[in-house]
Amino acid sequence: MAEPIKIGLLGMGVVGTGVLENLAENQEKLTNQIGRSLTVTKAFVRPSKEKEKLAEKFDLTLVYEVEEILQDKEIAIVIETMGTIEPAKAYISASLKAGKHVVTANKDLLATHGTELIELAAENQVNLYYEASVAGGIPILRTLATSFAGDNISKVLGIVNGTTNFMLTKMVQEQRTYQDTLDEATALGFAESDPTNDVDGIDAAYKMVILSKFAFGMTITMDQMTIRGIRGLSAEDVAVAGKLGYAVKLIGSAIKINDSIHTEVGPVLVPKNHPLAAVQNEYNAVFVESSGIGESMYYGPGAGGRPTGTSIVADLAAIAQEIENGTTGRPFSPYQQELKLTPKDQIINSYFFSLEMPDHSGQFLKLAEIFTKLDAGFEQVSQAKGDGEKARVVIITHPISETTYAEIQNQIQLKTKFKFISSMKVMEEK
């Protein structure tokens, strides 16, 4: 049998260990498919007794200087599982320049520097694959790049952050507060000690940058997106949404309108009959609408050592097969289109407004006047009994443009003493 394809591993934490376990368990199957075995020969780590035990278990050599992998001419593929932007970017760049293929799960890096790294891979005729960067164990990127190659995608909607989906599930099912659910998510390891990237929608936005590229061939940047998270979301508003027939989810959306796209992240009222409403706890899902297939959804674990490791090994197998066939150097997603952003006046949605107003006569009339002047209508109105000082009102509008939505908020702030509790988009009924 031919010599094994040798691999270098950067980082041997939860995901790196998941890769090693997956390779060990599926080596026979992989060898049968590729014709050669895949072997991690060196791992770049910080020294520790735990890592030494893992190295012995998986029969690999630990190295403490990254150059020992970069300068090893026998290593054909480098796996990066360290996370963060630096030094991962420097290590990946050096690997590509050294003629080594790279597999990574680093969504932060790819969303911010993906174009540069993709170009560097092309210059050096090597592969850069990153299936695991979006939705962990769900094979969504390769599906978009291959299975949808002959289809016209119009919409991609994703629950792509397990931490916030876990929190929102608990807020709905157990009527708990934002802070209580965040504390539990942290205790269970779903949320980091600094949960900013999760609860402020940044993690989901990184993934939507990548999904937009694969679905529409357009490269959007973080500053071209609208990004809102669930920080401080009111448990009462989540409960009211439930009574009105909706589940609140943090949704990343990339929508094609004519020849332009609009990509954003934010809390959305999802109709309970929509498949995304049923996605619970830390699970992820990506819902795709296209002219050929119609509606399809891809569901599974969004993180974890074994699910993410499985996606990384799938990339390894694909690269190994291309090495065997002599076809390396092609981009993961070759689809490219000029970026065109949808104007705000062409982005149409219904919206949920939750407001606190003085509890005396004439207040709702002020609200109605603002909406009437802006040609915006009420689809549903729900008002809780006031306490003599303040009252809470919830409104779902008829479809309006994003420009009108912003002006409604502006006029309420200028002309009333109402307090905004929250505002969210409402997904259309199926």
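Colleague: Which residues of helix H7 are buried?
Modeller: The model is a predicted one, and helix H7 spans residues 162-173 in it. Ten of the twelve residues are buried, leaving the helix mostly covered. The buried residues are Gly162, Thr163, Thr164, Asn165, Phe166, Met167, Leu168, Thr169, Lys170 and Met171.

Colleague: Against which elements do the buried residues of H7 pack?
Modeller: The packing partners include both strands and helices. The helices are H8 (178-187), H9 (196-199) and H11 (235-243). The strands are S7 (153-159), S9 (246-257) and S11 (283-290).

Colleague: How far does H7 reach from its first C-alpha to its last?
Modeller: H7 has twelve residues, for which 16 Å is expected at 1.5 Å a residue. The span in the model is close to that expectation. From first C-alpha to last, H7 reaches 16 Å.

Colleague: Which residue caps the N-terminal end of H7?
Modeller: The cap involves the backbone nitrogen of Thr163. A side-chain oxygen lies 3.3 Å from that nitrogen. The residue that supplies this oxygen is Asn161.

Colleague: Is Lys170 buried or exposed?
Modeller: Lys170 lies in helix H7 and, beyond residues up to four places away in sequence, touches Gln175, Arg176, Thr181, Glu184 and Asn281. The relative accessible area of Lys170 is 13%, and a residue counts as buried under 20%. Lys170 is therefore buried.

Colleague: Which backbone nitrogen does the side chain of Ser290 reach?
Modeller: Ser290 is found in strand S11, one of the elements against which the buried residues of H7 pack. Ser290 is itself counted as buried because its relative accessibility is 9%. Leaving aside residues up to four places away in sequence, Ser290 touches Phe148, Asp151, Asn152, Ile153 and Ser154. At 3.4 Å, its side chain reaches the backbone nitrogen of Ile293.

Colleague: How many residues apart are Tyr130 and Phe332?
Modeller: Tyr130 is in the loop between strand S6 (128-129) and helix H6 (140-147), whereas Phe332 is in the loop between helix H12 (305-325) and strand S13 (348-358). Tyr130 counts as buried at 4% relative accessibility, and Phe332 is buried with a relative accessible area of 9%. The pair links distant parts of the chain, and the two residues are apart by 202 residues.

Colleague: Over which ring does the charged end of Arg142 sit?
Modeller: A charge sits over a ring only if it is within 6 Å of the ring centre and within 35 degrees of the ring normal. The charged end of Arg142 is 5.5 Å from the centre of the ring. That ring belongs to Tyr129.

Colleague: Which residue of S15 is the bridge partner of Ser354?
Modeller: Nine of the eleven residues of S13 are buried. S13 runs antiparallel to S17 (residues 419-426), with seven bridges, and there Ser354 is partnered by Ser422. Seven bridges also join S13 to S15 (residues 390-397), again antiparallel. In S15, the bridge partner of Ser354 is Val394.

Technical notes: Residues are numbered from 1 along each chain as its sequence is written. This is a predicted model: local features need pLDDT of at least 70, side-chain atom pairs count only at pLDDT 80 or more; totals for chains, interfaces and linings use all residues. Side-chain values use heavy atoms; hydrogens and water are left out. Helices (H or I, at least four residues) and strands (E, at least two) are DSSP runs, numbered from the N terminus. The expected span of a helix is 1.5 Å times one less than its number of residues. Buried means under 20% relative accessible area, exposed over 50%, partly exposed in between (1.4 Å probe, protein chains only). Contact means heavy atoms within 4.5 Å. A polar contact is a pair of N or O atoms within 3.5 Å; within protein, one must be able to donate a hydrogen and the other to accept it, and residues adjacent in sequence count only if both atoms are side-chain atoms. Two strands pair if DSSP finds at least two bridges between them.
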